[in-house]
Amino acid sequence: MNKEDSQSLNTQLPGDQAEALLRELATWGNTTTIILHAGSVFEFKGIFPKGEIGHGYYNLTGPVPGFHGHINLNSIHHINFQDKPHRGQESYAFNFQDKDDSNIFKVFLGRTEDGELIADQVSRFKQIKQQFSLKKD
């Protein structure tokens with residue numbers, strides 16, 4: 001993570017809140033999920049799928065075709081709030097991090113067809129961030 005990223009990610013959710021946040025994200029409508037692996041960037045744009053716990057994972061159970069997978073909740077140490085411009089536009093994301101502060105995946109707030117952030121998602125993001133900022137104080 002570069003210096004700019006670390007400065008914009010000062011509020012964190014503890015990893016034990018990951019399941020609750022993932023369940024919440026499934027109600028938000030369109031988002032963009034980004035997975036970085038071995039220098040490649042994989043994106044899923046659409047509704048973050050619902051999930052359920054089974055066999056030690058949070059199993060994404062969305063419609064087919066769609067985004068599927070198995071999230072190891074135990075590997076999520078904390079979730080950073082990303083609030084910084086991206087390519088000249090306001091941008092917000094939840095960054096799911098491991099114990100070494102390496103990124104597992106990110107969920108960016110969605111945009112309208114006109115490229116504007118979805119206002120309700122921004123409001124909900126800021127509300128969650130504020131709730132956990134207050135708990136730290």
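Author: Contact here means heavy atoms within 4.5 Å. The model is a predicted one, in which local features need pLDDT of at least 70 and side-chain atom pairs count only at pLDDT 80 or more, while totals for chains, interfaces and linings use all residues. Residues are numbered from 1 along each chain as its sequence is written, and side-chain values use heavy atoms, with hydrogens and water left out.

Let us begin with the sheet. It is open and built from six strands in the order β1-β7-β8-β9-β2-β3, with antiparallel pairing; strands (E, at least two residues) and helices (H or I, at least four) are DSSP runs numbered from the N terminus, and two strands pair if DSSP finds at least two bridges between them. At the edges stand β1 and β3 (40–47), each of which pairs on one side only. On average, neighbouring strands of this sheet are turned by 20° against each other, with direction ignored; axes are lines fitted to C-alpha atoms, for helices over the stretch in contact, and angles run from 0 to 180 degrees between N-to-C directions. Eight bridges join β3 to strand β2 (residues 30–37) in the antiparallel sense, and T33 has F44 in β3 as its bridge partner.

Helix α2 lies across β1, β7 (78–83), β8 (92–97) and β9 (103–109), and runs at about 145° to β8. The loop between β1 (12–14) and α2 (18–25) holds G15, which counts as buried because its relative accessibility is 11%, where buried means under 20% relative accessible area, exposed over 50% and partly exposed in between (1.4 Å probe, protein chains only). Apart from neighbours within four places in sequence, G15 is in contact with I76, H77 and H78.

A nonpolar core is a set of buried Ala, Val, Leu, Ile, Met, Phe, Trp, Tyr and Cys residues joined through side-chain atoms within 4.5 Å. The largest such core has 26 residues, and those with the most contacts inside it are I71, F94 and F96. At least two residues of this core come from each of α2, β5 (57–61), β7, β8, β9 and α3. Neighbours within four places in sequence aside, the contacts of F96 include A18, L21, L22 and L25, as well as I104, F105 and V107.
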